[in-house]
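The report below describes how parts of this structure pack against one another.

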Amino acid sequence: MLATITAERTHGGTVERTHAGRQDMIAGVRAMVPWLLGVAPYGLVIGVSAAQADIPTAAGWVTGPAIYSGSAQVATIELLDAGAAPLIVVATALAINARLILYSGTMAGHWRGTSMWWRALAAYLLVDPSFAVGTDRYQRPGDRSGAHAHYLAGAIALWITWLVAIAVGASVGARVPAGLHLEFVIPLFLVGEVVVRLNGPAMRRASLTAVAVAVLAFSAPLHLGLVGAIVAGIVAGLATGEGRR
Amino acid sequence: MTAWLVVLAGGLGSYLFRISMVVLVGRIGSPARFERASGLVVPSAFAALAAGGVVASCTGAGAPEAIAPLAAVVAAVAAVRRTGSPHAAIVAGMPTLWVLNLAFAG
């Protein structure tokens, strides 16, 4: 808060702005921590599966920086290992990642006015956790450049953690004690973020519809249930006539 | 060689998805309906991802083991409603999951 005020008052004051930017970056990394705890074991598992699959381990690791989305990476590695046709593998990965178009649409408004290079980098880092942490900050009032720093710092922390986790999994074959169920941190984190947003009929109907469709369509092929659930939630929210929160 | 091409093609396609609307909306501007819809993407996406994660934790396990993740979610919702803090979900939910898993294991 103090950092934001300082940044607004000294429009052009480089020292204060740098200070405010640093505060926002630290806040962005801090907001990413719950996600890092959840995705690190997932990255380890992907690394291990890449090492065990019948593909070059390096190619398995490169799914990280290239595809950069856990479920699409798992599908790619598993299908290549199973000997599926290359086109089927690519189509499956892209179907799973179709939700990124929705995320891209949400971020487009927030990123208007930034440089082409900034958007190119920010878009590359866009995935569920960075989307969650980023939109949460963008929806709060305050300095827009601070929100950009918040997004980028959190997203880069996630990127580094993800790639290191896959590399460790691939090289050491490390295993996280399964009994801890750290993968459940992410659903719980999302539950918390949804519950605090249930402040209007449109939000409530959107969330409940998305939950219902996600559960019913859980076993739909290619993770299309997820995209269907998001779209159904948006449509249900719009139908209530007050889309804004 | 094929594996490398598949990974790179998947990566290129994923990047095009990520940048697609950023480029398009930047060019054509964003219609009011799209703005309204984008406000609903977050609760819809989070709710869908959370539900998928919970269902994934429940399936494969027997009926008693499926109770632990569901009870953890109930505890998480109650804690968030009581405190107003989203982080309360993890603080309340994870111990609930561990305790119930231990109880069922024992």
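## Helix packing and the chain contact

In this predicted model, A:Pro129, A:Ser130, A:Val133, A:Gly134, A:Arg137 and A:Tyr138 of α8(A) meet A:Ala147, A:His150, A:Tyr151, A:Gly154, A:Ala155 and A:Leu158 of α9(A), where contact requires C-beta atoms, placed from the backbone, to lie within 7 Å. By class, the contact of α8(A) with α9(A) has seven nonpolar, four polar and one charged residues (nonpolar being Ala, Val, Leu, Ile, Met, Phe, Trp, Tyr, Cys and Pro, charged being Asp, Glu, Lys and Arg, and polar the others, Gly among them). The axes of α8 (residues 128-138) and α9 (residues 144-172) of chain A come within 9 Å and cross at roughly 160°, the axes being lines fitted to C-alpha atoms over the stretch in contact, with angles from 0 to 180 degrees between N-to-C directions. The two helices, α8(A) and α9(A), are therefore roughly antiparallel to each other, a term for angles over 145 degrees.

Between the chains, the contact takes 61 residues from chain B and 74 residues from chain A. The helices tabulated here (DSSP runs of H or I, at least four residues, numbered from the N terminus) each supply at least two residues of the side of chain B that touches chain A.

| Helix of chain B | Residues |
|---|---|
| α1(B) | 2-28 |
| α2(B) | 32-58 |
| α3(B) | 63-83 |
| α4(B) | 88-105 |

Of that side of chain B, α2(B) gives the most, with 23 residues. Leaving aside neighbours within four places in sequence, A:Val191 is in contact with B:Ala50, B:Val73, B:Ala76, B:Val77 and B:Ala89.

Residues are numbered from 1 along each chain as its sequence is written, while chains are lettered from A and ligands numbered from 1 in the order in which they are written. As the model is predicted, local features need pLDDT of at least 70 and side-chain atom pairs count only at pLDDT 80 or more, whereas totals for chains, interfaces and linings use all residues.

Terms used: Two residues are in contact if their C-beta atoms, placed from the backbone, lie within 7 Å. Angles under 35 degrees count as roughly parallel, over 145 as roughly antiparallel, 65 to 115 as roughly perpendicular and the rest as oblique.
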